[in-house]
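Please look over the sequence and the structure shown here before reading on. The paragraphs after it go through the structure part by part.

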Amino acid sequence: MDKIGDIRRAYFEERCPFKEIVRTLSVSRATVRKSSGTRDRVSSMSVHPAPPKLGDWVEVLTEILETEDGLPRRERRSTQRLFEELRGSRL
């Protein structure tokens, strides 16, 4: 990630040509070309976040964990036990 920042800084702020960036940073021309594509490039992760894998179970798990938060450690359910309970209630 630091290399991308260095490439973009050299290209946009210092106005260095691709050839000079390739030489000084030891990266390929393709990398420089991709990294300097647009000035306000946004990560694809922030544009389209993946849906949570837990999906509908997030609310149920949150309730369970909040109720068990006050219990002593030995009385809390393990991760495996929570999984088995959710799996059983799903079927």
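Residues are numbered from 1 along each chain as its sequence is written, and side-chain values use heavy atoms, with hydrogens and water left out.

The predictor's confidence in each residue is given as pLDDT, from 0 to 100. The protein chain has an average pLDDT of 81, and 82% of the residues score at least 70. Confidence is highest in helix H2 (residues 18-25), at a mean of 91, and lowest in helix H4 (residues 44-47), at 55. Helices here are DSSP runs (H or I) of at least four residues, numbered from the N terminus. Where pLDDT is low, the predicted coordinates should not be read in detail.

The whole structure holds 5 salt bridges, each a side-chain nitrogen of Lys or Arg within 4 Å of a carboxyl oxygen of Asp or Glu. One of them joins aspartate 6 to arginine 9, with the closest N and O atoms 3.0 Å apart. These two residues lie in helix H1 (residues 2-13), and since they are 3 residues apart, about one helical turn separates them. Aspartate 6 is partly exposed at 32% relative accessibility; the term covers values between buried (under 20% relative accessible area) and exposed (over 50%), with a 1.4 Å probe and protein chains only.

A network of salt bridges links Glu68, Arg77, Arg81, Glu84 and Glu85. Within it, glutamate 68 and arginine 77 meet at 2.3 Å, N to O. Glutamate 68 is buried, at 7%, whereas arginine 77 is partly exposed, at 32%. Arginine 81 and glutamate 84 form another salt bridge, at 3.9 Å, and both belong to helix H6 (residues 79-90).

There are 2 aromatic pairs, meaning rings of Phe, Tyr or Trp (its six-membered ring) with centres within 6.5 Å; planes under 30 degrees apart are stacked, over 60 edge-to-face and the rest tilted. Tyrosine 11 and phenylalanine 12 have ring centres 5.0 Å apart and planes at 80°, so this pair is edge-to-face. Tyrosine 11 also pairs with phenylalanine 18, in a tilted arrangement with 5.3 Å between centres and 50° between planes. Phenylalanine 12 is buried, at 14%, and phenylalanine 18 is partly exposed, at 28%.

Finally, serine 35 is in helix H3 (residues 29-35) and is buried, at 8%. A polar atom of the serine 35 side chain lies 2.9 Å from the backbone oxygen of threonine 31.

Notes. A polar contact is a pair of N or O atoms within 3.5 Å; within protein, one must be able to donate a hydrogen and the other to accept it, and residues adjacent in sequence count only if both atoms are side-chain atoms.
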